[in-house]
Amino acid sequence: MIEATQLSKAFRKQGTRREWISAITDVSFHARDGEITGLLGPNGAGKSTTLRILASLLQPDSGSAVVDGYDVAADPVSVRRQIGYLPHNAGVYPRLTSRENLVYYAELCGMTRRDSETRAEELIELMGMQAFGDRRTEGFSQGQRTRVALARALIHNPRTLILDEPTNGLDVMATRGLRALLRQLRERGHCVLISSHIMQEIERLSDRVAVISDGRIVASGSIPDILDATACNDLEDAYVVAIGETPDARA
Amino acid sequence: MSAVWTLIRKEVRDNLRDRRSLFFALLYGPFLLPLMMVGPMLYNIDRHTIDFEAPTQIAVEGGDHAPNLLQFLHRHNLDAVEAPADYREQLVSGELPVVLSIAPTYADNFANGEPASLVIYHASSEDESGNRRRQLRAVLEQYASQIRSLRFGSRGIDSRIFDPLAISERDQSDKPRGLLFIAYLVPFLLMFSMLMGGYYLAVDITAGERERQSLEPLLSLPLSRYQIVLGKYCAILGFVGLAMLLPLVSTFVLLSLLPVDLLDRNLDFGLQTFGIALVSNIPTAMLISAFMMAIAAFTRNTKEAQTHLSFAMLLPVVPFFALQFLSVPLGTFSMLVPLLSQFQIMELTVFGKGVPLHYIAASAAGSIAFAAMLLGLAVHLYQRERILA
């Protein structure tokens, strides 16, 4: 479970000493176990910053975030034990094979060599990576890299998943496979938080949605709740209204 | 600790697959560099060395005119053979190194006490010819001196009255200036090799990891930044250590190929010297690894890291020149200065003066303290949020 309360974060403007740019302001939302929560927002809205704070990679300037009962600022290592994190870019090691990438992370998470190899084999099967499981990741397509990175995020069977644009670069079949996997994880009681700027993606997968725009949460709740709050009939219009634009009938 | 070991194993395996890292760590510093530095020295010494003990054939034209001279040459390991008719062409083509031509008037001139004419034909463009010419000339001068003594002696005159001064030189310096270079060769070579050996690994596992964006998922694992830095540091240290150990072995082998009296009898390049070089440079390896780790962690991408570390390549040059051109006092205080102390320890060892244990301890303490500071700086840099920027 993730509880974000009034998170704010500003970054120093590049090349200046005193100018700051606010990335997120007063961001609050909940992501529950056994649910998929979507963080929806345009590019540059503050999605990745929020997820990085939740993954304990950034310290919030104010506010707090608790993941499975651990405060991200006070106990980051415990938070990291609970989460599987997929960053915006896959970031896999090009000179290692897919399997070696997985085993490396498993061992870093404290698993034994044998358990790491068994788990890697399971995930290679689960993610349909048999064809490239023992190939070095150099020259992989974006989709293949994302699959390796996603399998890596799942390697230690984390309770909570924080996935930054997980369908990035995936083709139709791989995206469908990912959706099925995430639903499966939801059924098993995992808390899944995904970010995306693709509304249809969020709509198809999420039980709850938090819409973020200009670093602020502008709408949150279940999809019917958001439709009610914005007095719209579909999520696309609701999204447009929520981020402060006027829905255009021609669009 | 198992996480640190996992990190080390991965970084080493990853970089063993990178041919560039491998080339610089295992081939360039350990073998090419010593060959490039010591090789020409060996070659030059060998080329300009004359072995007076080895029997050598010497082509002689008109040997019949001077049988006594030929006997003298034979006693001095120069065996006369008849020079071929086209010896001038053969000298030009390098087939013959030198020819001694004895004039037909030699015997008469010699008997009359007049200067008897000898011509040494040689080719100055050929090294071998130069060596043989010097050897022949030295033996002939010895013969002339002997004949001079005999002639004066037969007239009741001591020939030494023609040598009013007996000049000899004795160098009292304990470290002759020209030889300092050779004494500094080993630490210079080791430091340069260490920098080259760790260079690509340091760039790849710090700045390279940031650029590949594999650092962000790594930092999201339940590891402390200290563990991550330590793992990466140990991997660099492994490569740097190897880049120190291998050239030490190869330089030892190369220098042991030198004939004992060729370098200088005062220089000690024995096993003990190399043992001390190993012990005194283990802290240098720790320092250089930490230095590269900190520099590469500070930079944002591989290009920036490569630029910064290229300047670091000048590092071993600083003590080299400081000691060559400045008068740096030797003592416990100077032993605390990293890099400089390793040069000074080598200077003492190579000149066979013995290195006090507290010098080695001070040198190690200074280098390890600096290494710890730089490692602390690297941990600090990894703790900053900007490491993800």
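I take a salt bridge to be a side-chain nitrogen of Lys or Arg within 4 Å of a carboxyl oxygen of Asp or Glu. With that cut-off I counted eight salt bridges between chain B and chain A. The model is a predicted one.

**Entry: the contact between the chains**

I looked up one of the salt bridges by name. A:Lys9 pairs with B:Glu385, and their closest N and O atoms are 2.6 Å apart. I then listed polar contacts, and found 14 residue pairs between chain B and chain A, both residues of each at pLDDT 80 or more. On the side of chain B that touches chain A, the elements giving two or more residues are helix H1 (2–16), helix H7 (177–212) and helix H8 (215–219) of chain B. H1(B) gives the most to that side, with nine residues.

Next I noted the extent of the contact. Chain B puts in 28 residues and chain A puts in 30 residues. Between them the two chains bury about 2,800 Å², and 53% of this is on carbon and sulfur atoms. Of the area that chain B buries against chain A, 23% is supplied by B:Arg17, B:Pro222 and B:Glu385, more than by any other three residues. B:Glu385 is also the salt-bridge partner of A:Lys9.

**Entry: helix H14 of chain B**

Is helix H14 of chain B buried or exposed? I checked residues 340–350 and found eleven of the eleven buried, so the helix is largely enclosed by the rest of the structure. After H14(B) comes B:Gly352, and I noted its positive phi, near 65 degrees.

**Entry: a nonpolar patch on the surface**

I looked for nonpolar side chains at the surface of chain B. B:Phe23, B:Leu27, B:Phe31, B:Leu32 and B:Met36 form a patch there, with about 430 Å² of accessible area together. I placed B:Phe23 in helix H2 (residues 19–47) of chain B. An α-helix has 3.6 residues a turn, so residues three or four places apart point the same way. B:Phe23 has a relative accessible area of 34%, so I put it down as partly exposed.

**Entry: B:Phe321**

I also looked up B:Phe321, which lies in helix H12 (residues 317–325) of chain B. Its relative accessible area is 40%, so B:Phe321 is partly exposed. From B:Leu254 it is 67 residues away in sequence and 25 Å away in space, C-alpha to C-alpha.

Notes. Residues numbered from 1 in each chain as written. Chains lettered and ligands numbered in written order. Predicted model: local features only at pLDDT ≥ 70, side-chain atom pairs only at ≥ 80, totals over all residues. Heavy atoms only, no water. Patch = residues over 30% accessible without salt bridge, like charges linked within 9 Å, V, L, I, M, F, W, Y side chains within 5 Å. Areas by Shrake-Rupley, 256 points an atom, 1.4 Å probe, with all protein chains shown as cover. Helix = DSSP H or I, 4+ residues; strand = E, 2+ residues; numbered from the N terminus. Buried < 20%, exposed > 50% of the residue type's maximum accessible area, 1.4 Å probe, protein only. Contact = heavy atoms within 4.5 Å. Buried area = accessible area lost by both parts, 1.4 Å probe. Polar contact = N/O pair within 3.5 Å; in protein donor to acceptor, adjacent residues only side chain to side chain.
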